[in-house]
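Hello,

Here is the structure I promised to pass on. My notes follow below it.

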Amino acid sequence: MNNRATATVHGWLLLLPAMACLVIFTHWPAVASFIESFHSTPKARRPARFVGLDNYEQLLADPIFWKAMSNNLWFALGTIPASIALALLMAVWVNDKIVGRTWVRMAFFTPTILPMIAVANIWLFFFTPQYGLLEQIVGFFGGRSTNWLGSQDTALSAITIVAIWKEAGFFMIFYLAALQALPPSLGEAAAIEGASRWTYFRRIQFPLLMPTTLFVLINAVINAFRMIDHIFVMTRGGPDNATTLLLFYIYQVGFSFWDTAYAATLTCVLLALLALVAFVQYGFLERRTHYR
Amino acid sequence: MDRREFMGGATALAGSLALPGIAGAQAATEIAFFYPVAVGGPITKLIDAYAAGFEKENPSIKVKPIYAGTYQETIVKALTAHKSGTPPVLSVLLSTDMFTLIDEEAVVPFDSFIKTDDDKKWLGSFFPGFMENSQTGGKTWGIPFQRSTVVLYWNKELFKEAGLDPEKPPKTWAEQLEFAQKLTKRDVSGNVTQWGIQIPSSGFPYWLFQGLSTQAGAILTNPAGDKTDYANPGVVEALQYWVDLAQKHKVHPPGIVEWGTTPKDFFERKVAMMWTTTGNLTNVRANAKFPFGVAVLPAGKKPGSPTGGGNFYLSKKATPAEQEAAFKFVRWITTPERAAQWSAETGYVAVTPAAYETEAMKKYVADFPQALVARDQLPTAVAELSTHENQRVTKALNDGLQAALTGTKTPQKAMEDAQAEAERILKPYR
């Protein structure tokens, strides 16, 4: 009994550092934000007071919030399927024995290890009207000059492309690891049966990669709502909020406007959204992700 | 940054974190001082040298400069420190942050430190254009330090090619349009290869737009900072002129023009005239591979440009002794000789007319007369847009400007919407 008590104490002590970090930096801020979202922003002469659902009413009536939400939705729809498909394609490709395989793998992975701000600055010049890389390519084929980041029609797509380019290389690594874990006997069996490359991928590789796809999907969704660095460097949410995403808007409200209560309210919405997505993915999709 | 500088920074940080009570017990008064870096050049080194120079003359005071990032990051750090109870004694923040700092009760006015006639003379020595963003309600809340205005840069070579006099910049809106039409080149398929003029509109379009609106005779806000006039006919007219340059006359790139790449477009000869800050002077001087000119902005109904840049602010939570020491430092660094030196080293406008009378300044501008343009523009300069809830009220205008420039709203509608939004935000402050 005494031994067991000691073991329990030891166990908790070992857990304590991680738990403290989790509580201090994750759980408490979330709870505090939730509480704060029902109060007014404290000002020097006017301390915070309970305002009930006022902040949420303000949020429902805020056109920029809705713009940020719809932007974020389009951004997620644009990045998630494309970056996962691209990652899968690249992984299958560099998994084969091709010439210069290591180099190709490295080239695909490079975007992931570059600092985000530097990447955004490079892309800023790619998108520069007239003499940017993209313009030179378009110009070579006789296309018209476009102001990619400066037009409401193209700015969000331009940001989306940068995100896909950045994400695909990262997800490729997971797919590559999963592909290499597949038993080679399956490939040999398929070859003996005379299955085509496509059939082998569709009937064997792809289904076996489903757990990886789920993991990558979860990451992709989180990243789609976590995107902020590129926005700062490339557009600062402009033109006229065309590229304002939810997290960028939270930063703006919190640290440019100092409206901390409203920022907390927005944070709660983001948290609720992510919780919902996680619930769907873990509770629903995971149960269906089995090899049939 | 070498290791010694890093160690210096670390000690300074530790110093600023020490409790005021403990610091007060020591003989020397210590003033921690936050500052941002917003232009190119070895600003950190220069500031450290000023601090050392001041300490030498005032052994009882220790100045601890702390580099705090961009303007935006600096105010976030300063206000966070204020809310946690141990702010820096002195900070350099945007002049337009004045109302925000007053509302947060983070700063004290300088007036109570002005005691002698000499002090009064010093306070009256700054360019009045700069003081507009430093004073409200009869009090002086900020002392000008790193200040700028918007100026026009032009490529003399391209002027010559277009048959224009390379020594003559446009003087009026009409001339600016006419020159820009001559300077815009198109290839056979109609694609523009060289634009006549470029006014950046990313990030903070309101600042450059304020040049146009001032020239149209409109003032965007009142001195109390609780009312805006975005829907004024002059403002709409100014925006119409800007939109027309791009959409009607096609001499200005369409859509949003990036602030950061505008100087590069100028170096690449993709644009013949650009509007940007005088703070880019040193950058352009170093990178333009052709003779260039700098001029005051062309006049509409009248000439005009907004001022910009940073002021010194005194923390409210500092002890009286610390505030007094910080005040002494501010007075020291704004003497004509130091202001002249600072201007020559960075490209900022020197903050007092007297600085332009110093020997060092005379020598600098004899070699580089373009540096005088920003000063010559000051008599017609107006305060930079600054109100309560500054960032939010400014964003309303920025969004409207970008909507008009990208063609989703007419200038009239865009400015009406911006005014309605600003009205909603500012109502509680009246």
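**The contact between the chains**

The contact draws 37 residues from chain B and 32 residues from chain A. Please keep in mind that this is a predicted model. Chain B and chain A bury about 2800 Å² between them. Carbon and sulfur atoms give 49% of that area.

Two salt bridges run between chain B and chain A. In one salt bridge, E258(B) pairs with R236(A), and the closest N and O atoms are 2.8 Å apart. Eleven residue pairs are in polar contact between chain B and chain A, with both residues at pLDDT 80 or more. On the chain B side, helix 4 (71-84), strand 9 (192-198), helix 12 (262-267) and helix 18 (390-405) each supply at least two of the residues that touch chain A. By class, that side of chain B has nine nonpolar, 15 polar and 13 charged residues.

**Nonpolar cores**

The largest nonpolar core has 70 residues. Which residues have the most contacts inside this core? They are F33(B), Y153(B), F266(B), F292(B), F312(B) and F329(B). Helix 14 of chain B (residues 320-333) gives the largest share of the core, seven residues. There is also a second, separate core of 60 residues. Its members include M172(A), V216(A), L266(A) and V269(A).

**A residue to look at: I84(A)**

I84(A) sits in helix 3 of chain A, residues 63-95. Is I84(A) buried or exposed? I84(A) has a relative accessible area of 11%, so it is buried; the cut-off for buried is under 20%. Leaving out residues up to four places away in sequence, I84(A) touches Y175(A), V216(A), L217(A) and A220(A). One of these, V216(A), is also in the second core. As for S145(A), it is 61 residues from I84(A) in sequence and 30 Å away in space, C-alpha to C-alpha.

**Salt bridges**

Over all chains, the whole structure has 20 salt bridges.

E324(B) pairs with K115(B), with the closest N and O atoms 3.4 Å apart. E324(B) lies in helix 14 of chain B, while K115(B) lies in the loop between strand 4 (107-108) and helix 6 (117-123), so the pair ties together parts that are 209 residues apart in sequence. E324(B) is partly exposed, at 35% relative accessibility. K115(B) is exposed, at 55%.

R285(B) forms a salt bridge with D367(B), and here the closest N and O atoms are 3.4 Å apart. R285(B) belongs to helix 13 (residues 281-287) and D367(B) to helix 16 (residues 359-367), so this pair ties together parts of chain B that are 82 residues apart in sequence. R285(B) is partly exposed, with a relative accessible area of 38%. D367(B) is exposed, with 57%.

R424(B) and E421(B) make another salt bridge, with the closest N and O atoms 3.3 Å apart. Both lie in helix 19 of chain B (residues 411-426), three residues apart, or about one turn of the helix. R424(B) is exposed, at 52% relative accessible area. E421(B) is partly exposed, at 28%.

Finally, there is a network. D259(A), E389(B) and R392(B) are joined into one by salt bridges that share partners.

Best wishes

Methods
Residues are numbered from 1 along each chain as its sequence is written. Chains are lettered from A and ligands numbered from 1 in the order in which they are written. This is a predicted model: local features need pLDDT of at least 70, side-chain atom pairs count only at pLDDT 80 or more; totals for chains, interfaces and linings use all residues. Side-chain values use heavy atoms; hydrogens and water are left out. Helices (H or I, at least four residues) and strands (E, at least two) are DSSP runs, numbered from the N terminus. Buried means under 20% relative accessible area, exposed over 50%, partly exposed in between (1.4 Å probe, protein chains only). Contact means heavy atoms within 4.5 Å. Buried area is the accessible area (1.4 Å probe) that two parts lose on being put together, summed over both. A salt bridge is a side-chain nitrogen of Lys or Arg within 4 Å of a carboxyl oxygen of Asp or Glu. A polar contact is a pair of N or O atoms within 3.5 Å; within protein, one must be able to donate a hydrogen and the other to accept it, and residues adjacent in sequence count only if both atoms are side-chain atoms. Ala, Val, Leu, Ile, Met, Phe, Trp, Tyr, Cys and Pro count as nonpolar, Asp, Glu, Lys and Arg as charged, and the others, Gly among them, as polar. A nonpolar core is a set of buried Ala, Val, Leu, Ile, Met, Phe, Trp, Tyr and Cys residues joined through side-chain atoms within 4.5 Å.
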